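Here's a quick tour for anyone meeting this structure for the first time. Have a look at the model, then go through the points below.

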Amino acid sequence: MQLSFTELRSLSSSIKNLVSDIKKYVDSKGKNFRLLFMVDEIGQYIGNDSNLMLNLQSLVEEIGTQCKGQVWVMVTSQEAIDEIVKVSGDDFSKIQGRFNTRLSLSSSSVDEVIEKRVLAKNEEAASLLEMEYNKEQAVLKNLYTFSDSVLDIKGYTGPEEFAMTYPFVPYQFKIIQDVLSQIRKHGNSGKHLSSGERSMLSAFQEAAQKVQDKDETSLVPFYNFYDTVHTFLDSPIRRVIERCQSAAEHHDGIEPRDVDVLKLLYLVRYLDDIKANVDNIAILMIDNIETDKINLRKEVQASLDRLYNQNYISRNGDTYYFLTDEEQDIARDIKNTPVDTAQIIKAIGDTIYDDIFTSKRFRYGKNDFSFNQYVDETQHGAPVSGMGLRFITVAHDQAHNEMWLMNQTFSNPEAFIVLPEDNDYFNQLEEAKKIDKYVKKQNTSAQPETVQEIIAKKRREMRQLESRAKDSLEKAILDGKVYVGGESINVLAGNAKAKIEQVLSKLAEHVYNKNYMIETNVDSDADILKILNSKHQQMNLDGLNDEAMEEVGTFLETRKKLNQPTSMGEIQKRYQDKPYGWKQIDIAAVVARLLVGYQIELKYGGQKISPTDRKVIDYLRNPKDVDKVQVSRRIAVSEDLKRKSVKFLRDYLNRQDVPETEQELVDFTIEQLEALKNHYQDLLNNEYRGNIYPDKELVGEADELLSEILSRKNDNDALLSILIKKQDDLLDSQEDLEVVEDFFKSQKSVFDSARKYLSDLNRERDYFFDNEQMKQSMEEINSILKMDHPYNQIKKLPELVQEAKGEYSKLLNEKLENLEAQMDRGISEIETKMQEMKGTNSSVSEGLSFLRQKKEAVKKNETLTQMDAAVTQVSNLVNNTLATIQRIIDAQNKTETPPIKPVKPYVPPKKVEHIYRGVLCPAKLVSSEEDVNNYVENIRKELLRLLSNNDGVKIE
């Protein structure tokens, strides 16, 4: 007996009546009879309605009570009942408690059920199928080889499996479960369709019935499963299939097979295990063992192209996707979004130069070369000088013109990598740009949720497209054809970056074909300084970039012949550029070696630069200086000039070891002349400074002559030329200065002594105005000292000095006698005056004692000036001591009581100032009336001054 719940609901009797009828039926069958009461799809029945659950609960309880275990109640559900029934836990737990025995049935072995219930064969059929498999084993293995799929999705493993699963393929049992499950989540109208056994049984049964009339080579294509799920899909999905079917029937751009491909794409729409590329779709479309897989792939590709063009599907890389109506609308808008080819080319450049190969310079040996970066005719980044790398895309109109490609790479320092056409990088980036442009125009937040989800999916698709485009570009670069130097070359590499590096290496080798001339690189300015100082440090520079030196030397020689000036900046630019590609520091080192080898000359501001110049590194390298430095090939000195120079130097220096080779001769000349110049400079700066010695002008002229010659020392030819030109002047100067040299060696001390003595006498000249002998001696000494060339007369100076000293001694003794007489008179006056004083006084005693000591001290005076100074000192001492005695006497007289005597009128003593004649009238030479008047006027003023404070002046 079978009853549905719908029928139960229509019954007018209560549950008790139903159970009563069941009990009557059971009782009528005897004591050992058992009735199985089954309720199918309980989950769909109860749903969210707790009343229906209570009906079931009441029914089960009543059956248990009335039938005493003779009726068993069994319920089924596609999934765990507590996962699909939306009733509160307490209520549902009551009904669960009525079913103590629970069985969990999975779909993992549904293929076994299908094989036994739907696909079972008799022995004859199984044997026939096994024979067919053995015959077509290799074909079947080749047919079912999926790409990028999980390992358990595969074809037949042997004849037994072929016979058991025929006309199906083992992979179909695996993926149909996932298909049904995903469709249930995304595309069905209820919960009826699922991954349960019954849905799968139905799907396999219906699919098998479609090939029941075909022979043993027929197989079930996967799209046959679509009809099983068609009625359970949402109308937007069904409409897409139906619209495609209608277009196929009317031949409106769609073929019948295209509909099957579209159905298939929907079935695998949500699967991750199988990538929906053309190869896998072709496998899923196989309907016969004898299918030509190659032709089938072409047919599938044609169907995909038609579906894509008619906007039924989309493509992301090599993967195709079924589109719903809304997805088709958006896909259509994206497809119609215009994108400029220049944007795609720029995206290709960004991907290659900013992601795949990011270096902006290429290292070749020890050199770093910048290179221009191009895609077609579009430059990526800032332009630089030197070589270039250009990628030719499918958009370039000359991509297939091999002659043009060769000519361009032959005439330009560029390498071309022609990207193959059979690569999707261009379409992928174009599609990504279209999506990006479309999405940016949309006000996404204002769109329905379904549209927002589609746009979000498109954003993800855009990122995937960009990522795949990078992978595609890397493969395209690996497969690309390379042109360098007008030839097509074969470059093998493991990845795109390595290939680009190899191409740039080939290009650098072609463009900078003279780079090899720099065999030894320098690393710092210190290395260049070592080269510049190599002559002094005795370094061996042989073999150090000789070819590079010869190249630069030849260039400078050519420029010199053409009378064309060359700057260091031009040299740097020339040899950094193609075909050389030398490093700036290496060029400076080559020029430094040429300079130190005297093969070239450098000039800055018209002045030649020596290898030892402290700024020579700046002149060779500093960008601010190199354009101001002129470089030229040096002219070799003629043999005639060298011969004349050697002969002259042997005579001039009185040396026979003068070198005869050019550079050694020049170095020797500079060394000897600089030593001689330093000697003259020493005389001028030390001997002549502050002193009046004879022939200073001759020494200065000799120094200037040597300076003029040495100013040409940076030019060998000019130096030796002016040396010969000035040889007579040098010999004359040498001859003139012989007496000067002798003077400083042997006569200078006599000259200095006489000059000093005369200077001392001149300070006391007034004492000799009436001494003719003294005046004559001084005049003769002075005459000799002032001579321009006194050398023959210097021998007279000692005698003249001695004569002057004799006269001077006489005058000094005369002064001493007068001074001693004055001192004796002073001592006498003091002693006489002391007799009027009562007792003694220390000040008076000290004054008298000092005067007596002074009498002995003046005997040691050596000059007349000292004698005159002593006269003044003695006069002042005597006067002061007498004044002191007088004050003491006056004080003593005031303290005594004078005797009574007749009063006499008081006459104060006269105050007299004493002055010596030598002080009042100092020795002085007068030579005019004015001198006489001035001399007398000074005496008068001094006497009047003394009288103003005294009663009289005594001149002694």
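**A first stop: S218**

Leaving out neighbours within four places in sequence, S218 is in contact (heavy atoms within 4.5 Å) with Y166, P167, D287 and N288. You're looking at a predicted model, where local features need pLDDT of at least 70, side-chain atom pairs count only at pLDDT 80 or more, and totals for chains, interfaces and linings use all residues. Residues are numbered from 1 along each chain as its sequence is written, and side-chain values use heavy atoms, with hydrogens and water left out.

**More on S218**

- S218 sits in the loop between helix 11 (197-209) and helix 12 (226-230); helices (H or I, at least four residues) and strands (E, at least two) are DSSP runs, numbered from the N terminus.
- Is S218 buried or exposed? S218 is buried, because its relative accessible area is 5%; buried means under 20% relative accessible area, exposed over 50%, and partly exposed in between (1.4 Å probe, protein chains only).

**The chain as a whole**

- The chain holds 39 helices and 16 strands.
- Of its 956 residues, 43% are buried.
- Take the contacts in the chain with a separation of 6 or more: 69% of them are between residues 24 or more positions apart.
- The chain's accessible surface is about 52,200 Å², and 47% of that belongs to carbon and sulfur atoms; accessible areas come from the Shrake-Rupley method with a 1.4 Å probe, and for residues only the protein chains shown count as cover.

**How confident is the predictor?**

- Mean pLDDT (the predictor's confidence in each residue, from 0 to 100) is 83 for the chain, with 89% of residues reaching 70 or more.
- Residues 7-12 have pLDDT below 50, and this stretch has six contacts in the model beyond near neighbours in sequence.
- Residues 188-192 also stay under 50, and the model gives them 17 contacts beyond four places in sequence.

**A nonpolar patch**

- L36, M38, W72 and M74 make a nonpolar surface patch of about 420 Å².
- Patches are made of residues with over 30% relative accessible area and no salt bridge; like charges are joined within 9 Å, nonpolar side chains (Val, Leu, Ile, Met, Phe, Trp, Tyr) within 5 Å.
- Strand 1 (35-39) and strand 2 (71-75) are the elements giving two or more residues to the nonpolar patch.
- M74 lies in strand 2, and M74 counts as partly exposed because its relative accessibility is 35%.

**Helix 20 and F426**

- F426 belongs to helix 20 (residues 425-441).
- With a relative accessible area of 12%, F426 is buried.
- Not counting residues up to four places away in sequence, F426 touches T341, I344, I345, I348, T393, V394 and A395.
- The C-alpha atoms of F426 and T393 are 8.1 Å apart, though 33 residues separate the two along the chain.

- At 1.5 Å a residue, the 15 residues of helix 31 should span 21 Å, and its end C-alpha atoms are 21 Å apart, so the two agree; the expected span is 1.5 Å times one less than the number of residues.
- V699, G700, A702, D703, L705, L706, I709 and L710 are buried in helix 31.
- Cover for those buried residues includes helix 29 (639-653), helix 30 (662-687), helix 32 (716-725) and helix 33 (727-762).
- E701 is in helix 31 (residues 696-710) too, but E701 counts as partly exposed at 48% relative accessibility.
- E701 and S733 are 32 residues apart along the chain, with 8.1 Å between their C-alpha atoms.

Conventions. Salt bridge = Lys/Arg side-chain N within 4 Å of Asp/Glu carboxyl O.
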